[in-house]
Each structure stands twice: as structure tokens, then as C-alpha cells.
Amino acid sequence: MGETTGGEGVGARLCFEDVSVGDELPAWSRETGLVNWNRFAAVNDEFYDVHMDDSAARAAENPQGAFGMGMMRFSYLHNLLRSWAGEDADIRELGCRYRAVNQKGDVLRVTGRVTGMRIEGDDHLVDIALDVINQDGESTTPGHAIVALASRPTRRRPVT
Amino acid sequence: MSAEIRSLVTPELEARRGRWLRERLSEPVSASAIRRWAIACYWPDPPPRLYWDAEHAAGTRHGGIVAPLEFNAFTWPVEPDAADSGLETDALPGLRSMAGGTRDLYGVPMRPGDVIRERARIASWEQRETRLGPTLFIYSETEWTNQRGELVRTRFITSIRY
């Protein structure tokens, strides 16, 4: 499947019937560094020295210097789901662990795979395994999501 | 015979377990803050129109602009709020911190004009021996409701102190 970088996929309508267990979501990717982190720090009011200052990050035992904030990757996981499922998607739950640091210059690839599908009442729910993989193939942010999708109405045969 | 592991838990932390520690109201959510959040999250590409184009957003199932679900409605207070850095920070002096994980359960979306009520507590913790030495995993819960009393989200945060 292709890869996306922006919000261009949002708006497309994806229905429960279009999805199968095992489907890989089109990955969403981003090269990261201070230009992304500074913007995110500004909107999330997240001005910790380890995200801005190389010497502070080295003192905190990250020899490569300033590193990215986990919450930005949390947003990137949402970006993947929004890009895949469109505006009708209803993200019910999203969780992740911050397993590895986002270093300056990392090219992050956000991935997702459908692991389950179920109908609960009127809800058509899809379970998704998520991760943010760096350019070395390292898993940095394993996670999961539950997304409710619209269901395509089935056509009834006319009674003859 | 195993050596006794030093507990990192302080009486101040014990006293906070399970109590709602922080209750506050946000400023009204603004369309401008939503737009800037979306731009930052998608930088350098443009964000989805749902977050900044009122005309487009009116034609979606949301009927208008909504905030990205993970949007932070509590930013830039005039008075710095010490609790922002973690409910446990001043109860664990001298320990370093690291983000362990985040899990959100979502209710209704945030819209321009919404005022969010927050309450937060430390639910529990556990201490483990890790490569960092004795390490505390602290599990906290933050609940957001809007001005109509509707649940916006519940966030579970794991913070690591070592």
C-alpha cells in the first residue's frame, strides 16, 4: 500500500465492510527534528529543556542531544487513523507506550494493522495494532486503537 | 538471601493515592488554537480541513469545526501551574521522570467555545527494578467533561520515575 504524509486522505469514507482482519493501513511518515518539536512544544505548552537543548538532553543521558516529545508521536498515531479512515471515523480509544526516544533527524513511519473486527450493538468496531517505526526499523511507540466505522446499508431485494 | 529493595514511595505520594487532586476549568477552546494544534501535528504538510475550514467542516458529520481528539485545552496559563508537570512531581523530590505511555478513551469531540472541566488523580503505582535501577511506574487518570457535562475523554498516563 502507498504511504501518506499529510492530511490529504482525510475526508474519504471508509466503511466497516471495506476492512478485513490483517489489513495493513497505508503508513503515515514524517522526518522529525526541532522544526516539528518546537511547533508541538508551542501548542502543547511543553517547554522541557531536553526537547530544546542538546546539553540538557546529554545531561539526561541521551548522548545524541535534544529529543522529541512522546505526545507528538501520540498525535502522529492519530494522524495515521485519520488518514486511513477519514472524517467519518470515530476513534474510541488509542493507547501507546514510549519505548524508544525520537532522535533528531529520525524518519518516523507510523504503521497500523487490523487485528480484530466486531459488532457491539449499533457499533461496528475495528481493533488496530499501531507502532511508530524509525529509519532503523526500531519500534518506538507500540500501541493499539479501537475505531468505529460506518456500516454500508445492505440492499434488500424487492419482494416479487 | 536477597537484598532489600529501597522503596521510592514517599509518605506524600501515599497520601495522594486515589484522591482527585486537580480540578480546573479551561479557557474557552478557540478555533485558532485548534488550527494551530492541527498545523503543528501535520507540519510541514497542511492539516485536514475539518480543523480549520468552517465551510468544509459544516458539511461533515460533525456539522462544524472540531478539535483533534488529542488536543490540549489547558495550555499557556497566566499563573504557572506546578501540577502541570505531574501530579506526583513534588511528592518525589530528586527523581528523574520519563513518559511511559498514554491511553485515551474518547467521548464527544471538543468544539470552539467549549469550556473543559478537568479532574485528575494518581490511581496506583508499582515499583520494579529496571536498567535505570529502582523505578516507579505511576498510573494517573485525567477526566475531561464539557460545559454540558458530557464526557470528552479519559486519559490514563504512565509516568516513570527513577
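**Helix, sheet and core**

Me: Which residues are buried in α1(A)?
Reply: In α1(A), the buried ones are A:Asn36, A:Trp37, A:Phe40, A:Ala41, A:Val43 and A:Asn44. Buried means that 20 or more other C-beta atoms lie within 10 Å of a residue's own; exposed means 12 or fewer, partly exposed is in between, and C-beta atoms are placed from the backbone. Helices (H or I, at least four residues) and strands (E, at least two) are DSSP runs, numbered from the N terminus.

Me: How do I read the numbering, and where does the model come from?
Reply: Residues count from 1 along each chain as its sequence is written, while chains are lettered from A and ligands numbered from 1 in the order in which they are written. This is a predicted model, where local features need pLDDT of at least 70 and side-chain atom pairs count only at pLDDT 80 or more, but totals for chains, interfaces and linings use all residues.

Me: Back to α1(A). What do its buried residues pack against?
Reply: They pack against β1 and α3 of chain A, together with α2 of chain B. Contact means C-beta atoms, placed from the backbone, within 7 Å.

Me: What follows α1(A)?
Reply: A:Asp45 does, and its phi is positive, near 55 degrees.

Me: Which residues have the most contacts inside the largest nonpolar core?
Reply: A:Leu77, A:Val147, B:Ile34 and B:Trp37, in a core of 51 residues. Such a core is a set of buried Ala, Val, Leu, Ile, Met, Phe, Trp, Tyr and Cys residues joined through C-beta atoms within 7 Å.

Me: Which elements supply at least two residues each?
Reply: From chain A, α1 (34–44), α3 (70–85), β2 (90–97), β3 (107–120), β4 (123–133) and β5 (143–149). From chain B, α2 (31–42). α3(A) gives the most, with 8 residues.

Me: New topic. What is the order of strands in the open sheet?
Reply: The order is β1(A)-β3(A)-β4(A)-β5(A)-β2(A)-β2(B)-β5(B)-β4(B)-β3(B)-β1(B), 10 strands with antiparallel pairing. Strands pair if DSSP finds at least two bridges between them.

Me: Which strands are at the edges?
Reply: β1 (28–31) of chain A and β1 (20–25) of chain B, each pairing on one side only. The twist averages 20 degrees from one strand to the next. Angles run from 0 to 180 degrees between N-to-C directions, with axes fitted to C-alpha atoms, for helices over the stretch in contact.

Me: How do β2(A) and β2(B) pair?
Reply: In the antiparallel sense, over 5 bridges. A:Arg97 stands opposite B:Gly101 in β2(B).

Me: How many residues of chain B are in contact with chain A?
Reply: 27 residues of chain B are in contact with 28 residues of chain A. On the chain B side, β2(B) gives the most, with 8 residues.

Me: How many on that side are nonpolar, polar and charged?
Reply: There are 15 nonpolar, 6 polar and 6 charged. Ala, Val, Leu, Ile, Met, Phe, Trp, Tyr, Cys and Pro count as nonpolar, Asp, Glu, Lys and Arg as charged, and the others, Gly among them, as polar.

Me: And where is the positive phi in the hairpin of β4(B) and β5(B)?
Reply: At B:Gly149, near 80 degrees; the hairpin has 5 residues between the strands. β4(B) and β5(B) pair over 10 bridges.

How values were computed
Two residues are in contact if their C-beta atoms, placed from the backbone, lie within 7 Å.
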